[in-house]
Structures are given as C-alpha cells and as structure tokens.
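Student: I would like to go through some of the labels used for this structure and check each against its definition.
Tutor: Go ahead; here it is.
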Amino acid sequence: PLASRVSLVGVVLPLLLGILLGLALEQVAPELLPHQNVVTGSLFMGTAMAITAFPVLARILKERGLLAIPLGQLVITCAATDDILGWLLLAGVISFSHSGSLAGAWPALLFTGLWALVLLVGLRPMMAQLERHYRSKRELDPAMLALVLAGAILSAIVTEMTGVHYIFGAFLFGLALPRYGPLQRRLQLQTEQLVVTLLLPIFFAISGLRTTVSVLQGPTMLLALGAVLVVAIGGKYLGCWGVARLAGLPARE
C-alpha cells in the first residue's frame, strides 16, 4: 500500500507541475515548445517530469548494496510502478500528438492495448516454454536468445505501426517474459555486457549530440532552465517524501 501511494503521488504531482510549467513556458518562451498544439507541448513536459529513470536507479541501488534491505525494496517497487505509469502516459501523449485530439488518440491506444492482451494473455503460455527449456537445459542457447531479441524487436515494430513509440512495444514484450529468477538473471547476464558497453554509450552520445547547450543564453533561457530543474527535482522529491512521511517512514529514509 505504501509503495502504491508513493508511486501514484510521485507521478501525479510532477505531471501536474510539468503541465503548468509547459503552459507557462508557452507564454514566456514559446520557442522552447515548438508545437502547433499548446496542450501537446505541455503534456510532453508533464510526462517528462513524471517519468523515473528506472534502470539508472536500479543500478545505483545495486552498486550501493541497498536492494537487499526493506528501504531499497520499497524504492525499487515505487520506481517500477512509476515506470509502468510513465510508459502508459507516454503512449497516450504520443498518440494524442499524432492525432491532435483525444478522440484521434483512442485508435492507437486501443490497438496497443489489444497487442498487450495478445502478449500478456495469448502468448504467455508460449513464453512459458522458454522457462521449461531453461529448466531442462540449465542454459540459454544462442537460438533461444535470438528468439527473445527477435520477439522484442517485433513487438516494438507492432507498437510503432499502431502509432505508439516502439520502446513501449519492447517494454510489453519484457512484461510477457517468464518471471523465473534464474532465467531472468541469465538473460540479464547475456545482454548486460552488450547493453552497457555498446548500446548505453550510443544512447548517451545521440542524446548529447541532439542537445544544444548554446541556446541557454540570456536571462529568459536561464530562468526556464532553473524552472525545469526545480519542477523535475522538487515535484518528485517532495511528493514521494511527503507521502512516505505521512505513512510513518523516518525522515532520513
């Protein structure tokens, strides 16, 4: 119950503050949200404020040895719930931005929901064969690993075609995989090296190349940057901290 309350407030408060910030920036510096629909830009801003960097947080908790204690488990549970809510928000906002209206966003969300049902209900028994294969062989051979990666790519393509971001499709495929601990650890072991040593640096390099720091000049841009930082940090921190304190969690935790 505590994790669900913290997660909910940790999404809703930053979302609302981000939307208000987006509406304010549209008035002060409209070039920062260059979109024909003011609502779309504000929704993107709110969603960006609400999303949690789940892989980064999980890595920090793991390296600090906090995953084995109740506080670390509470934090990772909250983050996982926030991650799901964040992806759902992102799917809705992207669909809305493509269609320009709430009515136009429903088909993309509906088809994505149907694909989620296909994965999580229809194909779940087939996914269980992966667990049985691993239990019998005690290893994940290259063919099975290739099938898993191909399934994630296929699911990403499906959601991209329906009008929702392809990352959401890969996320859904990950939810459909068996929750068998040894199999998950083996999948993580065989993919982590590629992801950490190759894909993660490429991701940060592309993000860095797309970031134009030189535009942060003048008082208006600096004030906008400060406002974004205050909302991004304050919305998450104060929302989660306040609910946790009301539930009786010590201030230091």
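Student: Which residues of α7 are buried?
Tutor: In this predicted model, where local features need pLDDT of at least 70, side-chain atom pairs pLDDT 80 or more, and totals for chains, interfaces and linings use all residues, the buried residues of α7 are Met-144, Leu-145, Val-148, Gly-151, Ser-155, Ala-156 and Thr-159. Buried means under 20% relative accessible area, exposed over 50% and partly exposed in between, with a 1.4 Å probe and protein chains only. Residues are numbered from 1 along each chain as its sequence is written, and side-chain values use heavy atoms, with hydrogens and water left out.

Student: How do you know that the buried residues of α7 line one face?
Tutor: Seen down the helix axis, they fall within an arc of 130°, so they line one face of α7. The arc is taken from the directions from the helix axis to the C-beta atoms. The face turned away from that buried side carries the exposed Pro-142, Leu-147, Ile-153 and Met-161.

Student: What is the span of α7 set against?
Tutor: The expected span is 1.5 Å times one less than the number of residues. Helix α7 (residues 142–162) has 21 residues and reaches 30 Å from first C-alpha to last, close to the expected 30 Å.

Student: Which residues of α6 are buried, by comparison?
Tutor: Met-127, Leu-130, His-133 and Tyr-134 are buried in α6. Their arc is only 95° around the axis, so they sit on the same side of α6.

Student: Why is the contact of Lys-236 with Asp-82 called a salt bridge?
Tutor: The rule asks for a side-chain nitrogen of Lys or Arg within 4 Å of a carboxyl oxygen of Asp or Glu. The closest N and O atoms of Lys-236 and Asp-82 are 3.3 Å apart, and the count by this rule is 1 salt bridge.

Student: Do Lys-236 and Asp-82 count as buried or exposed?
Tutor: Lys-236 counts as buried at 16% relative accessibility, and Asp-82 counts as buried at 4%.

Student: Why is the pair of Phe-203 and Phe-204 called edge-to-face?
Tutor: Rings of Phe, Tyr and Trp (its six-membered ring) pair if their centres lie within 6.5 Å; planes under 30 degrees apart are stacked, over 60 edge-to-face, and the rest tilted. Here the centres are 5.3 Å apart and the planes at 65°, so the pair is edge-to-face.

How values were computed:
Helices (H or I, at least four residues) and strands (E, at least two) are DSSP runs, numbered from the N terminus.
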